[in-house]
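Thanks for asking me to look this one over.

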Amino acid sequence: MLNRPTSTLREETEDRSLARDLSLDRNPLIRLVVLFVVLVAPFTAITAKLAQLQGVEQDDFADGLEQKLTESFQAIPTNDGRILMGGTVMARDVATYRLKLHYRWLEEPADPGWLKRKAQARLSKADRKKRDRVNAAQEQILEERHRLWERLTVAMNITAEEFAARRAEIQKRVEHVVTLVDTKRQKRLDEEQQQRDAELQKLSDRQDWVDRMATQVKHELTTPPRRKQVEPVVVQEELDYHIIAENIPFERVTEIVTQPTLFPGIEYEITTRRDYPQGPLAGHLIGFRKVIEPTATVDGTPAAETDLIASSGAETRPDERAGQAGIERSYDRFLSGRPGELRIVRDAEGEIVLREVVREAQPGADIELALVEPVQRRAEALLDRATQTRPLRLDEDILFVKNSSLAKKDGTRDENGEPPAQVATGGCILAMNIASGELLAAACAPRFDIRIMVDFREEIWQQLQKDPGNPLFPRVTSMALPPGSVFKAMTSIAALEEHVIEPSGTIQCDGYFDPRQPNKHRCYAYRKLGHGHGPMSVVDALTKSCNVYFFNQAKNLGPQRLVSWSHRLGFGELTGIDVPGEVRGIVPPAGVDEFLRLADFDEHSERAGSSGNGIVRTSGTASRARRWSQASTIEYGIGQADLAVTPLQIVRLMAAIANGGELVQPRVVHDVSVLRNGRKSSVELPESKPLQTGVSERTLHFVREGLEAVVLRGTASLTARHKQVTVAGKTGTAETGFNRPDHAWFAGYVPADRPQVAFVVALENGGSGAKAAAPLAHELITELLEQGLIAPATMPSAVNK
């Protein structure tokens, strides 16, 4: 038996030689040893290598892991365009700096894994295996972190408690995200396990025991086992930098970022904030832009888009701003700058090791307003005086106060012995170039400091909401009032164009419209003096503001032609101003006979207005809730009945009378300019062509004559007549109902003989148009003269004739 170490069947008589002793066939023991070595040696080598990797080279592999780099892209902030009024900056971006601290440097307590890796990075390979050295390095890092916090509190000029609160707030937010992600992951894993178990059970129910056993074996071999312990969740927020301070001075930021050994884990970010240095000046027109705040989803996580941007299909970027009102909103696409792109390379801990600009940022375009600053300021000051309010600055305790220097007690008299003028609840003043439609002034009151919309304060916002003067209401674009006698200019045009009366034809005014009802539909002269105006031509009727004349003209025209000409001259229509929020006012829809059907003459129509002070707020055409009557028709002719118009529509009518019958489109913006390659160029804006009304020059001649006579010898001769320039205009005193004071109007153009600028003054509950509105127009004209926007008369006779 040669396969045994010794043979019991053969004697040991043969000679033993070395070759024979080493023969595998003759010595089976050697063969077994060789086989054992061949089988065991590879496993021994593998085991040794595993021991080396696990025990000796473990830290080397951790070093390699730490050197793993990732890249991301970040938007480079840019400046949005400025809004300028002449040489005055109305809106601009101001550069600010933010300090950001890496999450691991603010987390409390420190993350054990991060702390260990930081400690090992400071030790040699030999020291990493010594627990006492690792513990000492970790204590050193914690001490450095504490000293970092102390330095940051000094640099940010805050207390240690305030900084601790900021860190706690950031950590709470990040931990909330971690909890949400972990909950969703656990829910997903449970659902997957339930789905697998359900599928396995479904198969088992349809199979015999052999197939079930085969299915179970297949499931165990192909399905990875579910871990009893799942790796902890690490979200991006734990590897990112978080804002710990904003609006840090540049010098302080430089001091911090140039000392990385004293301020580890710190980075800075340049951003901008919107600034409105002029505060309440033209605030309703300028508007404001704010950072688009992310909305909240059902589970509480921040959403990527707001309703404003989602509606346009655009994606939002962090700190992206959008115009919310005024010019900031309507010209947002020009004002918004295009951010650049920055490539950022981070190590495994998320700390930045490289920055690279991929695309340069492109600033937004500058907007130059047509408004003339001195005229705008004067107009606002006039309204502040008329309403006895003044807008306070953002840093004042209250936002609106009554101006005690202007307030007068009941029963007092001014220096001329006259009773004090009615204090208006609000108002609007417009001045417009009759050829281009550019607004030289667009003021309203009460107003507010536009900066509060950016630097939001709850107590100020609540005060604004409760203010009875409603300072948030944009009266330039959204105020609609019954126009009163100002509307008689429109009725005159309609009557002359429809030939219901000739320019020289007259109508007898006895002071009232219907002899059977002398206490209704009367002239002011009859109410005050007890007699009428006598025979009135169209020029005379405009001069004296004769109600009876226009009652008759409205009756002769009929509701259909009255309403048709109203729409033709821009009433009930949008003017197209380049500021959002414009309303149409209230005018019956043209061509709807059902709405304009006539009823008995004795029926009474209600006054226009939907609020306690007679202000009409509407965004569409007239409501059809009220029934139209013949009384409505004649009252419509003098600017009453169910009628409400905007100051923009009135100033547009006056401009059309002055420029030959063209309805120009009001515009607040004069120019949009962009900077490209170091050169400034203007952006071509959509051209707006004036609407041709088709009013004959003959009609315009007599209406102009009447408007000029109003100031020379009519209702405004004592308050609007100017020594330096001829003025054409029309007063209006509109009844409001609700037992409140009348609305005061005065509108016209200057110079009367060479028209350049149309204007309107509208005062809510301001009283008489001649006494309250016309004096303000007089002062406005003086400012236009001082600024050289209109030329004075060359001959005194031209003014005093």
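The points below go from the whole chain to single residues.

1. Please keep in mind that this is a predicted model: local features need pLDDT of at least 70, side-chain atom pairs count only at pLDDT 80 or more, and totals for chains, interfaces and linings use all residues. Residues are numbered from 1 along each chain as its sequence is written, and side-chain values use heavy atoms, with hydrogens and water left out.

2. The protein chain holds 25 helices and 23 strands (DSSP runs numbered from the N terminus, helices being H or I with at least four residues and strands E with at least two). Of its 801 residues, 46% are buried (buried is under 20% relative accessible area, exposed over 50%, partly exposed in between, with a 1.4 Å probe and protein chains only).

3. Let's turn to arginine 289. This residue sits in strand β6 (residues 288-291) and is buried, at a relative accessible area of 0%. Its side chain makes polar contacts with the side chains of glutamate 328 at 3.0 Å and aspartate 332 at 2.8 Å (a pair of N or O atoms within 3.5 Å; within protein, one must be able to donate a hydrogen and the other to accept it, and residues adjacent in sequence count only if both atoms are side-chain atoms).

4. How many salt bridges does a search of the whole structure find? The search gives 41 (a side-chain nitrogen of Lys or Arg within 4 Å of a carboxyl oxygen of Asp or Glu). One of them joins aspartate 93 to arginine 321, with the closest N and O atoms 2.4 Å apart. Aspartate 93 belongs to strand β3 (residues 88-102) and arginine 321 to strand β7 (residues 321-325), so this pair ties together parts 228 residues apart in sequence. Both aspartate 93 and arginine 321 are buried.

5. Another salt bridge links the side chains of lysine 130 and aspartate 127 (3.9 Å, N to O). Lysine 130 is partly exposed at 39% relative accessibility, while aspartate 127 is buried at 16%. Elsewhere, salt bridges that share partners connect Asp80, Asp93, Arg274, Arg289, Arg321, Glu328 and Asp332 in one network.

6. Strand β21 (residues 728-734) has 6 of its 7 residues buried, so the rest of the structure largely encloses it. This strand, β21, pairs with strand β22 (residues 743-750) in the antiparallel sense over 7 bridges (pairing requires that DSSP finds at least two bridges between two strands). Alanine 734 has histidine 743 of β22 as its bridge partner.
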